Amino acid sequence: MIEYHIAFDDRETLPSLVEKAARELGLTQEQLIKRYITEGIVDHFDFEGLAESADTLEEYFVKNHVLFPVDKE
């Protein structure tokens, strides 16, 4: 599992805004941050068109760039 550590100065207001927004949406702060990162990265790479269909949920996630394929060695 990959983890990122983000630190803010005590005077920065962003952490309190994240906490407030997460509370309003009924999410944890981590869930909200992951949502924001996901939206930003999708915009950055400009994935277009409809999602590709698949026979399984695993295959669907791989085809639509959510998961890397599992090595079967």
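**Figure 1. Secondary structure of the predicted model.** The protein has three helices and zero strands, in a model that is predicted rather than determined by experiment. In sequence order the elements read α-α-α. The radius of gyration is 17 Å, well over the 11 Å that the globule rule gives for 73 residues, so the protein is more spread out than a compact globule. Along the principal axes, the C-alpha trace spans about 50 × 30 × 25 Å.

**Figure 2. Surface and burial in the protein.** Of the 73 residues in the protein, 7% are buried, where buried stands for under 20% relative accessible area. The accessible surface amounts to about 7,300 Å². Carbon and sulfur atoms account for 55% of this surface.

**Figure 3. Charges of the protein.** The protein carries 7 positive and 17 negative charges. The mean position of the positive charges lies 7 Å from that of the negative charges.

**Figure 4. The largest pocket.** The space in the largest pocket is about 1,400 Å³. Helix H1 (14-25) and helix H2 (29-45) are the elements that each give two or more residues to its lining. In total, 26 residues line the largest pocket.

Figure 5. Among the lining residues of the largest pocket, Tyr4, Ile33, Lys34, Ile37 and Thr38 lie nearest its centre. Helix H2 spans residues 29-45 and gives the most to the pocket lining, with nine residues.

Definitions and conventions: Residues are numbered from 1 along each chain as its sequence is written. This is a predicted model: local features need pLDDT of at least 70, side-chain atom pairs count only at pLDDT 80 or more; totals for chains, interfaces and linings use all residues. Side-chain values use heavy atoms; hydrogens and water are left out. Helices (H or I, at least four residues) and strands (E, at least two) are DSSP runs, numbered from the N terminus. The radius of gyration is taken over C-alpha atoms; the globule rule is 2.2 Å times the number of residues to the power 0.38. Buried means under 20% relative accessible area, exposed over 50%, partly exposed in between (1.4 Å probe, protein chains only). Accessible areas come from the Shrake-Rupley method with a 1.4 Å probe; for residues, only the protein chains shown count as cover. Lys and Arg count as positive and Asp and Glu as negative; His and the chain ends are not counted. The place of a charge is taken as NZ of Lys, CZ of Arg, CG of Asp or CD of Glu. On a 1 Å grid over the protein atoms alone, a cavity is a set of points where a 1.4 Å probe fits but cannot get out, and a pocket is an open set with protein on both sides within 12 Å along at least five of seven lines; lining residues have an atom within 4 Å of a point. Grid points are joined across faces, edges and corners, and a volume is the space filled by probe spheres set on the points.
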